[in-house]
Amino acid sequence: TRDNTLWIGTEGGGLIRYRNSEFRSFSSSDGLTNAFVRSVLQDAKGQIWIGTDDGLFRQNGERIERVDGKNGIPLIAVHAIHEDREGHIWVGGSKLLRLDGESVVEFPLEGAASQNRVKTIQETANGTVWVGTVSGLQKLVSGTASFKSVREIVGTVRFLRETSDGRLWIGTI
């Protein structure tokens, strides 16, 4: 993060923070009710978001608070968190959500529920939002609220990144 803190999501061991040469783990006693941490993001405001197999969380001081399941945010398994250039927080996993302050938008994806589980999210320099799923790659259609599958990419897309020259790199299984 901006203050040189390292956040480590673990596969069953919760969340670990490394700051000032000290480790601190966060678990159920701190409010983190699922130990399988899949995604951690610091947003432009400095807020730490945590995605787990069973929920979306935010850091609140030395506590972790659950965000989904209230204020209109549906319960969600989270594998990806991304902040776009407008400050929206995109959350993907068992659903695809865009959080904007108090409002929440859920985006349906093409395909069966078991095939459209989100694994990664990336907004490219031209403003296009890309979503990697279990069954491939989907792209937000400009000017709409719908995603369309990219038929040339099949298989699970686990990684999306854009290079400085505008190329989108796609890592698949």
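Four strands make an open sheet in the order β8-β9-β10-β11, paired in the antiparallel sense. Strands here are DSSP runs of E, at least two residues long, numbered from the N terminus. Two strands pair if DSSP finds at least two bridges between them. The model is predicted: local features need pLDDT of at least 70, side-chain atom pairs count only at pLDDT 80 or more, and totals for chains, interfaces and linings use all residues. Residues are numbered from 1 along each chain as its sequence is written, and side-chain values use heavy atoms, with hydrogens and water left out.

- Five bridges hold β8 to strand β9 (residues 89-93) in the antiparallel sense. Valine 78 has glycine 93 in β9 as its bridge partner.
- Strand β10 (residues 96-100) and β11 run antiparallel and share four bridges. Arginine 98 stands opposite valine 105 in β11.
- The hairpin of β10 and β11 has two residues between the strands, and glycine 101 takes a positive phi near 65° there.

**Nonpolar cores**

- The largest nonpolar core has 12 residues, including Leu41, Trp49, Val78, Ile81, Val91 and Leu99. A core is a set of buried Ala, Val, Leu, Ile, Met, Phe, Trp, Tyr and Cys residues joined through side-chain atoms within 4.5 Å.
- β8, β9 and β10 each supply at least two residues of this core.
- Another core lies apart from it, with 11 residues, among them Leu109, Val118, Ile121 and Phe147.
- Leucine 41 touches Gln47, Ile48, Trp49, Ile81, His82, Glu83 and Ile89, leaving out residues up to four places away in sequence. Contact means heavy atoms within 4.5 Å.

**Aromatic rings**

- Five aromatic pairs turn up in a search of the whole structure. Rings of Phe, Tyr and Trp (its six-membered ring) pair if their centres lie within 6.5 Å; planes under 30 degrees apart count as stacked, over 60 as edge-to-face and the rest as tilted.
- Tryptophan 90 and phenylalanine 147 have ring centres 6.3 Å apart and planes at 85°, so the pair is edge-to-face.
- Tryptophan 90 lies in strand β9 and phenylalanine 147 in strand β15 (residues 147-154), so the pair ties together parts 57 residues apart in sequence.
- Tryptophan 90 counts as buried at 1% relative accessibility. Phenylalanine 147 is buried too, with a relative accessible area of 5%. Buried means under 20% relative accessible area, exposed over 50%, and partly exposed in between (1.4 Å probe, protein chains only).
- Trp90, Phe107 and Phe147 form one aromatic cluster.

**Hairpin β2-β3**

- Strand β2 (residues 15-19) and strand β3 (residues 22-26) run antiparallel, joined by five bridges. Leucine 15 has phenylalanine 26 in β3 as its bridge partner.
- Two residues lie between these strands, and asparagine 20 takes a positive phi near 50° in the hairpin.
- The charged end of arginine 24 sits over the ring of phenylalanine 26, 4.1 Å from its centre. The test is NZ of Lys or CZ of Arg within 6 Å of the ring centre and within 35 degrees of the ring normal.

**Sheet β12-β13-β14-β15**

- This open sheet of four strands has the order β12-β13-β14-β15, with antiparallel pairing.
- β12 (118-123) and β15 are the edge strands, each pairing on one side only.
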